[in-house]
Amino acid sequence: MRILIANVNTTQAMTETIRAQAAASASPGTEVIGLTPDIGPESVEGNFESYLAAVAVMDAVVRYEGPYDAVIQAGYGEHGREGLQELLDVPVVDITEAAAQLAMLVGRSYSVVTTLDRAVPQIEDRLKLAGLSDRCASVRASGLAVLELEEDPERAVEAIVEQSVRAVTEDRAEAICLGCGGMAGLDRKVAAATGVPVIDGVAAAVTLAESLVRLGLTTSKVRTYARPRPKTITGWPLSGSVGDGVSG
């Protein structure tokens, strides 16, 4: 089985961090390929950058040469998952939704701990759109920018742990979701500090993607995620036109 995991920003070091966590979570025999977009921002922290990243990720996936069985979008609260599902036949899993879905299996309520406060509304909107918000106790910001997770890991852990503890004690969360792809690998430290299950979105997405592939489930094409109608796309980074579909 081969899974593509697409970083939503152009920072190669973060792609490797995400890919390594995904590979560590994968089953024996699953190959994980990390993709870094050629265009877009160095970090995604807001709607403008998120919409740019959505185009960039679709471009990176469509231009990938070789077979694959599933795609993971490794951006928390980002746009674009629906577009990928229209373009592809294979399963597409978003780490935001994957983490929340698994959190609800191990606790009555969950909280998300993310980066900057400006990301909070975007994550709340994604969870609501996906039908996952009813059991979300809170979305908390650690106050750290995305790139700071790589630059100062010790400070990042302290800030994420602090907000996770508050989510459990003040918001009554029974599970914590790590709200950024760049937080991959911090689940054990946060779990030790809070005493509750902690879900890393990257690991959750890999597990769900593998399960979908093993069950032979693909994206439904009868309505919402039907392939784009054939037409010329002017100025798009993709290869000139869409509508024939991409199978992986």
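Tutor: Start with a definition: a polar contact is a pair of N or O atoms within 3.5 Å, and within protein one must be able to donate a hydrogen and the other to accept it. Keep in mind that this is a predicted model.

Now take T36. T36 sits in the loop between β2 and α2 (47–63). Is T36 buried or exposed? The relative accessible area of T36 is 19%. The cut-off for buried is under 20%, so T36 counts as buried.

Two polar contacts start from the side chain of T36. One goes to the side chain of T15, at 2.7 Å. Another goes to the side chain of Q12, at 2.9 Å. Setting aside residues up to four places away in sequence, T36 touches N9, T10, T11, Q12 and T15.

Follow one of these, T11. T11 lies in the loop between β1 and α1. T11 is buried too, with 18% relative accessibility. Which backbone oxygen does the side chain of T11 reach? That of E42, at 2.6 Å. With neighbours within four places in sequence left aside, T11 is in contact with T36, E42 and L147.

Next, the sheet beside these loops. Strands of a sheet pair through backbone hydrogen bonds, either parallel or antiparallel. Here four strands form an open sheet in the order β2-β1-β3-β4, and the pairing is parallel. β2 (31–35) and β4 (92–94) are the edge strands, and each pairs on one side only. From one strand to the next, the twist averages 20 degrees.

Look at one pairing in detail. β1 (residues 2–7) runs parallel to β2, and five bridges link them. Which residue of β2 is the bridge partner of I5? It is G34. Helix α1 (residues 12–25) packs on this sheet and touches β1, β2 and β3 (70–74). The direction of α1 makes about 165 degrees with that of β2.

Strand β5 (residues 110–114) is mostly covered, with five of its five residues buried. In a regular strand the side chains alternate between the two faces of the sheet. In β5, Y110, V112 and T114 point one way, while S111 and V113 point the other way. All of these are buried. β5 is joined to strand β6 (residues 136–141) by five bridges. The bridge partner of V112 in β6 is V139.

Now for the aromatic rings. A pair of aromatic rings is described by the distance of the centres and the angle of the planes. The structure holds one aromatic pair. Y64 and Y68 form this pair, with ring centres 6.0 Å apart. Their planes stand at 70 degrees, so the pair is edge-to-face. Both Y64 and Y68 are buried.

On to the cysteines. How many disulfides are there? The count is zero. C177 is in no disulfide, and the nearest cysteine sulfur, that of C136, is 7.7 Å away. A disulfide needs two sulfur atoms within 2.5 Å. C177 is buried, with a relative accessible area of 0%. C180 is in no disulfide either. For C180 the nearest cysteine sulfur is that of C177, 13 Å away. C180 is buried, at 9% relative accessible area.

R172 is in the loop between α7 (153–169) and β7 (176–178). R172 is exposed, with a relative accessible area of 61%. Most residues other than glycine have a negative phi. R172 is not a glycine, yet its phi is positive, about 65 degrees.

P228 lies in the loop between α9 (201–214) and β9 (231–232). Its relative accessible area is 18%, so P228 is buried. How far apart in sequence and in space are P228 and G83? They are 145 residues apart in sequence and 9.0 Å apart in space, C-alpha to C-alpha.

T36 makes polar contacts with the side chains of Q12 and T15. T36 also touches T11, whose side chain reaches the backbone oxygen of E42.

Methods:
Residues are numbered from 1 along each chain as its sequence is written. This is a predicted model: local features need pLDDT of at least 70, side-chain atom pairs count only at pLDDT 80 or more; totals for chains, interfaces and linings use all residues. Side-chain values use heavy atoms; hydrogens and water are left out. Two strands pair if DSSP finds at least two bridges between them. Helices (H or I, at least four residues) and strands (E, at least two) are DSSP runs, numbered from the N terminus. Axes are lines fitted to C-alpha atoms, for helices over the stretch in contact, and angles run from 0 to 180 degrees between N-to-C directions. Contact means heavy atoms within 4.5 Å. Buried means under 20% relative accessible area, exposed over 50%, partly exposed in between (1.4 Å probe, protein chains only). Rings of Phe, Tyr and Trp (its six-membered ring) pair if their centres lie within 6.5 Å; planes under 30 degrees apart count as stacked, over 60 as edge-to-face and the rest as tilted.
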